[in-house]
Every structure is written in structure tokens, then in C-alpha cells.
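The structure comes first, then the notes.

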Amino acid sequence: MIDKVEIVRVGKDAKKFNAAKTFTLSLEKIKKEEELKKQKAAILRKENKTLLDNYLSKATDYPSGIKIYVAEKGAGIKPTEGEKISFDYAGYLADGTLFDTGIEELAIKQDIFNPQRKAANAYKPLDYTFGNKGGFIEGMTEGLLQLNKGDKAYIFIPSNLGYGERAMGPIPANSNLVFYVDIKP
């Protein structure tokens, strides 16, 4: 059993070293970096919300409650029932917080990049069998069914067609969601 530990400073530099001051300065640096990160996140969230609110004001309403804004139309070719398609995506909370994306560049820009996800080759488009009613939340499935190959669109999903009263990872319960989708031609 160790009863006592004694640290002996040997040398001129070791004797000048002030551990308490170094520790305090390190903590201050970490706090400043965290504050800058929070400020950047707030700016990005505000920019995203402004864009999403603009698109929401131009979106088409559907009877279920979803709304879709097509930012860029594709060739106008509707996928056929059972056809496999893929699409890039980005998921936002209504306040502009990006909570998930398969687009690596966007994850980096929005400061949610995950190196483990990159190592697992998970920054890539999602696959979908057109017409399949399972696999995604109800609002996402309905939104995908309204789109054509090549469309780049924003699907606005009310909470009851999303995760409802369930919290899901970074998504709080009763959250309205917005998904950007880019259907591959």
C-alpha cells in the first residue's frame, strides 16, 4: 500500500513549472473553445431556420399534414413501384438544428462530422424500394412517394408523422422534422 507520493522537481525548467497556473490556463482555453463552438452552432441553426422557414412558406400542403418544397426539379420521371432508388439526405429539427445527414461535406460544414461514421463508410445515400411503406417514418415515406427522380426537395413532417411522443436519439419527443432529400436519377 502506498502511503505517500512525493514529486521532486529536477532541473531549472521543472522548478519554474507552475502546474496550477498551467491547469487553469488549459481550462480557460477549453471553455473558450466550447463557447466558440456553441456560438457557431447558434449561427448555423439560425441560418438553417431562416432557409427552412422560407421553403416552408413556399411548400405544397398534402392532406396528411406533410408539406413539400421542391427546390430543384429532376427530369419528371416517377420511380415505379418496387424500383430501388437512392437519395442523399439531411434531417433537421424545426429550429434549424441538423441532427443527421449522409452528406459528409454538410456534416463537416455543420460541425457534426463523425470520424467513426466515416471509417464505417456510412456517409452515403440511403436506399429505398419505391412504394415500400416500412423502413422510414410515415411522413418520410409519404414524402418520397410524391417525388421524382432527380428532385431535390424539403419534406416538412409534423410530429405525428415522425416520431410522435417518442424521443429518438437527438430528436426530442413531439418534434416537427424537415428532411432535405436529393433523389438520384
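## Salt bridges

Glu83 is partly exposed, with a relative accessible area of 22% (buried is under 20%, exposed over 50%, partly exposed in between, with a 1.4 Å probe and protein chains only). Glu83 forms a salt bridge with Lys149, with closest N and O atoms 2.7 Å apart; a salt bridge is a side-chain nitrogen of Lys or Arg within 4 Å of a carboxyl oxygen of Asp or Glu. Lys149 is in the loop between H5 and S6 and Glu83 in the loop between S2 and S3, so the pair ties together parts 66 residues apart in sequence. Helices (H or I, at least four residues) and strands (E, at least two) are DSSP runs numbered from the N terminus.

By this rule there are eight salt bridges. Among them, Lys152 meets Glu72 at 3.9 Å, N to O. This pair joins strand S6 to strand S2, 80 residues apart.

## Model basis

The model is predicted: local features need pLDDT of at least 70, side-chain atom pairs count only at pLDDT 80 or more, and totals for chains, interfaces and linings use all residues. Residues are numbered from 1 along each chain as its sequence is written, and side-chain values use heavy atoms, leaving out hydrogens and water.

## Helix H5

Seven of the eight residues of helix H5 (residues 138-145) are buried, so H5 is largely enclosed by the rest of the structure. The buried residues include Met140 and Leu144. Their cover includes strands S2 (67-72), S3 (84-93) and S5 (126-129), where contact means heavy atoms within 4.5 Å.
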